[in-house]
Amino acid sequence: MDLFEIVLILAIALIVVGPERLPEVMRTVGKILRELRLASNTVLHELTDVLDEPPANAPPAPKSSPPAVQPTEKK
């Protein structure tokens, strides 16, 4: 956000809410944003945990195969 946009939003909030209640409203908005960020981080971590797990019905990983036999050169 640009500094002008932040100042404009704060000026509108000051007009709408009033100078007495503005600090209380800003604290409430901060708490709501913090809770939303915490919830989104929790969901993101749960999704990455689930996506990183192998499926339950997946076949076992293949064992390493022996090295390929190189053809011998004929002279």
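Where is aspartate 52 placed? Its place is in helix 2, which covers residues 22–52. The model shown in these views is predicted.

**View 1. The whole chain holds two helices and zero strands.**
The chain has 75 residues, and buried residues make up 3% of them. Helix 1 spans residues 3–17. Helix 2 spans residues 22–52.

**View 2. Four acidic residues form a negative surface patch.**
The members are Glu46, Asp49, Asp52 and Glu53. Aspartate 52 belongs to helix 2. Is aspartate 52 buried or exposed? Aspartate 52 counts as exposed because its relative accessibility is 65%, and exposed means over 50%.

**View 3. Positive charge gathers in a surface patch.**
Arg27, Lys31, Arg34 and Arg37 make up this patch. Lysine 31 sits in helix 2. Lysine 31 has 52% relative accessibility, so it counts as exposed. The cut-off for that class is over 50%.

**View 4. A nonpolar patch covers about 490 Å² of the surface.**
Which residues make this nonpolar patch? They are Met1, Ile6, Ile9, Leu10 and Met26. Helix 1 gives the most to the patch, with three residues. Methionine 26 is found in helix 2. The relative accessible area of methionine 26 is 39%, so this residue is partly exposed. Partly exposed lies between the buried limit, under 20%, and the exposed limit, over 50%.

**View 5. Threonine 48 reaches a backbone oxygen with its side chain.**
Threonine 48 lies in helix 2. Which residue supplies the backbone oxygen that the side chain of threonine 48 reaches? The oxygen belongs to histidine 45, at 2.9 Å. Threonine 48 has a relative accessible area of 34%, which means that it is partly exposed.

**View 6. Helix 2 carries residues from several of the views above.**
Methionine 26 of the nonpolar patch is found in helix 2. Lysine 31 of the positive patch is also in helix 2. Lysine 31 is exposed, as is aspartate 52. Methionine 26 is partly exposed, and threonine 48 is partly exposed as well.

Key. Residues are numbered from 1 along each chain as its sequence is written. This is a predicted model: local features need pLDDT of at least 70, side-chain atom pairs count only at pLDDT 80 or more; totals for chains, interfaces and linings use all residues. Side-chain values use heavy atoms; hydrogens and water are left out. Patches are made of residues with over 30% relative accessible area and no salt bridge: like charges are joined within 9 Å, nonpolar side chains (Val, Leu, Ile, Met, Phe, Trp, Tyr) within 5 Å. Accessible areas come from the Shrake-Rupley method with a 1.4 Å probe; for residues, only the protein chains shown count as cover. A salt bridge is a side-chain nitrogen of Lys or Arg within 4 Å of a carboxyl oxygen of Asp or Glu. Lys and Arg count as positive and Asp and Glu as negative; His and the chain ends are not counted. The place of a charge is taken as NZ of Lys, CZ of Arg, CG of Asp or CD of Glu. Helices (H or I, at least four residues) and strands (E, at least two) are DSSP runs, numbered from the N terminus. Buried means under 20% relative accessible area, exposed over 50%, partly exposed in between (1.4 Å probe, protein chains only). A polar contact is a pair of N or O atoms within 3.5 Å; within protein, one must be able to donate a hydrogen and the other to accept it, and residues adjacent in sequence count only if both atoms are side-chain atoms.
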